[in-house]
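Please look over the sequence and the model displayed below before reading on.

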Amino acid sequence: MQFDVILIGAGIGGLTATLALQRQGLRVAVSEQAAEPFAGGAGLLIGATGARVLKELGLREALEDLAVRPATIAVRHFHSGRLLAGTAADPAGCYQIGRADLQRALIAAIHSNDRNCLHPGHTLADIGQDASGVTALFAGRQMLRSSLLVACDGLRSAVRTRLFGDEQPRFTGYQLWQGLVPMSHLAPAAPGLSDATIWIGPGQQLGCRSIGRGTQLAYMALARSNHWTDEGWSKPSGVDSVLAAFRGFDTVARTVLMATPPEQSLSRGVFARDPLPAWTQGRVALLGDAAHPVTPFPDRATDLALEDALVLARAIAMAGTTPEALQRYAAARIPRASASMVAAEEQGVRLTTLNPDAYVPGTTDDPDYDPVTVAV
Ligand SMILES: Cc1cc2nc3c(=O)[nH]c(=O)nc-3n(C[C@H](O)[C@H](O)[C@H](O)COP(=O)(O)OP(=O)(O)OC[C@H]3O[C@@H](n4cnc5c(N)ncnc54)[C@H](O)[C@@H]3O)c2cc1C
């Protein structure tokens, strides 16, 4: 079977890139190591730029239907629960959506173009390239060849290592827990919860967001830590460790943590990498976390991956050759993503070292950036 693009990783970045490339008329073969592409995850935050991409790709209705759009974000004192700030959520964006919901919507759109392009249970083992094309070798010895390979294989990207060496992500000093709680488990806490609530404590923060048309609550709890547990996304952690780490938090916050079904709680260390000066080599490009893992201060990983996907497809549409397209893509994306990585690390230090009583909201990055029209 002939493909135009081999794409590795059916996470949010990979699926969005697949859809964007299909809309340019390209035939994409997607290989995902997991047996089930929407196996894990809790909630994602999509800002104005990410929403712009999804709408451009025809997912406006799915986004409006599946996501919750908070009017304000309530910032509370970790211990007393006192309201420190009620910041207006970005009216142009700020969609809260379950990761699995977004993956299903993307997969449905991809399948409407090509029912056979997703290949779960396929782990990339190695790549090779020459002047005429790129070859991907998978565990089990299967091989694919095409003129372009897009690696959306996440924080521990094997393709990144193959292209740019084995520099390991560094632990940032934060442990992160993510959980998914059915709203029906939260009756006692419900009056103290809005669609978006963040508790700020010394070295700790807990952000709760309603998702799934308001039927579930997704949280992200961050605490400074000298050590980390497993950094994977797919191994339930139970709730004992998050309850111990957040024992000083107010009753509403703790009710949320206690109500988490143990199998719906994930925990991992937060890892970072330094910005890469190049994301492409010949006919191979990195995209999403593989290119630029960002720390969750605030949570911009999904927006950046969505922006990459659209800009890559636009670069391919404009360029005469694959290497030229990849150069345009990298030149358009590296400065913005690198700046976000640095800003997120700085914001992380600020948020987890501040005195909660002196809280002032941070600033968001360039509100005028538009991945649909930015020069490529
Ligand atoms: C299972 C899972 C759950 C997540 N849950 C959350 C969450 O609840 N909240 C949140 O904010 N972020 C979550 N994330 C991270 C978030 O989705 C990303 O940071 C962001 O969306 C950027 O996406 P990405 O496509 O670049 O990377 P990812 O979403 O990490 O996707 C990378 C994909 O590549 C696949 N892959 C890796 N190596 C190979 C290989 N050798 N061969 C084939 N496939 C490979 C992985 O299985 C994965 O599906 C989760 C990621 C995963 C993988």
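Is Gly133 buried, partly exposed or exposed? Gly133 is partly exposed because 16 other C-beta atoms lie within 10 Å, given that a residue is called buried if 20 or more other C-beta atoms lie within 10 Å of its own, exposed if 12 or fewer, and partly exposed in between, with C-beta atoms placed from the backbone. The model is a predicted one, in which local features need pLDDT of at least 70 and side-chain atom pairs count only at pLDDT 80 or more, whereas totals for chains, interfaces and linings use all residues. Residues are numbered from 1 along each chain as its sequence is written.

Gly133 belongs to strand β9 (residues 133–138), where strands (E, at least two residues) and helices (H or I, at least four) are DSSP runs numbered from the N terminus. Leaving aside residues up to four places away in sequence, Gly133 touches Arg145, Ser146, Ser147 and Arg283, contact being defined by C-beta atoms, placed from the backbone, within 7 Å. Between the C-alpha atoms of Gly133 and Ala259, which are 126 residues apart along the chain, the separation is 52 Å.

The ligand is surrounded by 33 residues, the closest being Gly9, Gly11, Gly13, Gly41 and Gly288; a residue is near the ligand if its C-beta atom, placed from the backbone, lies within 6 Å of it.

| Element | Residues |
|---|---|
| α1 | 12–22 |
| β2 | 28–32 |
| β3 | 43–46 |
| α8 | 301–318 |

In helix α7 (residues 251–258), the residues Ala253, Val256 and Leu257 are buried. These residues cover an arc of only 95 degrees around the axis, which puts them on the same side of α7, the arc being that of the directions from the helix axis to the C-beta atoms. The buried residues of α7 pack against β12, β13, β14, β15 and α6.

Six strands form an open sheet of mixed pairing in the order β7-β2-β1-β11-β18-β17, where two strands pair if DSSP finds at least two bridges between them. Strands β1 (residues 5–8) and β2 pair in the parallel sense over four bridges, and Ile8 stands opposite Ser31 in β2.

Technical notes: Contact = placed C-beta atoms within 7 Å.
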